[in-house]
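Take a moment with the sequence and the structure below. The paragraphs that follow walk through a few places in turn.

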Amino acid sequence: VQEFEQSRIIKFTPPDACRLELMRFRTRYNGQDLPFSVKAAVVVQGAYVELQAFINMSSTALIPTRLPYVKYCENIMIHFPVPTQWVKALWTMNLQRQKSLKAKMNRRACLGALHEVESDPVIQVSVGTAKYESAYRAVVWKIDRLPDKNSSSDHPHSLSYKLELGSDQEIPFDWYPFATVQFIVHDTCASGTEVKSLGVESDLQPQKHVVQKAFYNCQVEIEKKWIRLDGEDPDKAGNCLMQ
């Protein structure tokens with residue numbers, strides 16, 4: 001503390017061969033646009049359930065013409081929680097073992113093109129990979145970077161999975177999930193606090209060891225939509241018998 005008061009330099013002795021966190025503090029979101037937006041909805045039609053999610057790059061992330069380089073997001077990971085009643089529909093059996101259902105790449109996937117009901121559960125993504133991961137109890141959508149190298153910067157990306165449940169009794173009415181969005185943006189200080197240099201006592205160029213990047217973690221509400229079948233009352237569907 002005395003050293004910091006005199007020189008405004010934080011000095012510390014880290015343990016050998018260990019990853020450590022020196023400082024953590026809270027910061028408030030200042031209202032700036034995020035690099036992309038996520039919208040998600042669950043569509044329920046009888047015993048069929050479909051989740052649709054869409055990623056759109058923000059307008060501020062699409063103006064790189066005057067910048068020396070384009071800032072992009074890396075290690076994007078979006079978790080879509082799955083109720084316990086639906087988990088069995090996200091696993092497939094083969095002769096060797098039970099395994100989690102993986103995504104099928106479909107770059108042409110877009111809004112309004114994924115409504116056809118199929119007998120087998122299918123996960124489709126327009127970019128990246130997706131699968132159900134039991135550790136998170138969620139369908140996890142992973143994307144290496146955005147904007148995607150193989151598509152235009154303003155091209156939206158989508159995920160969709162369809163499940164055929166045994167009965168509409170398996171749809172929990174008290175389920176109001178939130179999708180968790182995590183990603184990294186390099187050369188960004190979301191908190192406004194920057195580390196100018198870092199080095200050891202014998203280092204002549206300490207600033208070369210500094211790498212600026214911001215870790216984002218936010219939640220997006222998943223909208224619930226019902227498509228009423230003939231003679232079905234969505235408010236009483238939870239009391240239906242097994243079909």
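Which residues does T188 touch, not counting residues up to four places away in sequence? They are K71, Q212, K213, A214 and Y216. Contact here means heavy atoms within 4.5 Å.

A word on the source comes next. This is a predicted model, in which local features need pLDDT of at least 70 and side-chain atom pairs count only at pLDDT 80 or more, while totals for chains, interfaces and linings use all residues. Residues are numbered from 1 along each chain as its sequence is written, and side-chain values use heavy atoms, with hydrogens and water left out.

Back to T188. It sits in the loop between β11 (178-186) and β12 (213-226). Helices (H or I, at least four residues) and strands (E, at least two) are DSSP runs, numbered from the N terminus. T188 counts as buried because its relative accessibility is 14%. Buried means under 20% relative accessible area, exposed over 50%, and partly exposed in between (1.4 Å probe, protein chains only). A polar atom of the T188 side chain lies 3.1 Å from the backbone oxygen of H186.

Now turn to the core. In soluble globular proteins, nonpolar side chains tend to be buried together. A nonpolar core is a set of buried Ala, Val, Leu, Ile, Met, Phe, Trp, Tyr and Cys residues joined through side-chain atoms within 4.5 Å. The largest one here has 40 residues. F36, I78, F80, W86, W141, L159 and Y161 touch the most other members. Look at L159. Leaving aside its neighbours within four places in sequence, L159 is in contact with L51, Q52, A53, F80, Q124, V125, A130 and W141.

Next, the backbone. A cis peptide bond joins L146 and P147, with omega about -5 degrees. P147 is in the loop between β9 (138-146) and β10 (157-164).

R8 is in the loop between α1 (2-7) and β1 (36-45). A17 also lies in the loop between α1 and β1. R8 is exposed because its relative accessible area is 57%. A17 is exposed too, with a relative accessible area of 87%.

C73 counts as buried, at 2% relative accessibility. C218 is partly exposed, with a relative accessible area of 25%.

Key
A polar contact is a pair of N or O atoms within 3.5 Å; within protein, one must be able to donate a hydrogen and the other to accept it, and residues adjacent in sequence count only if both atoms are side-chain atoms.
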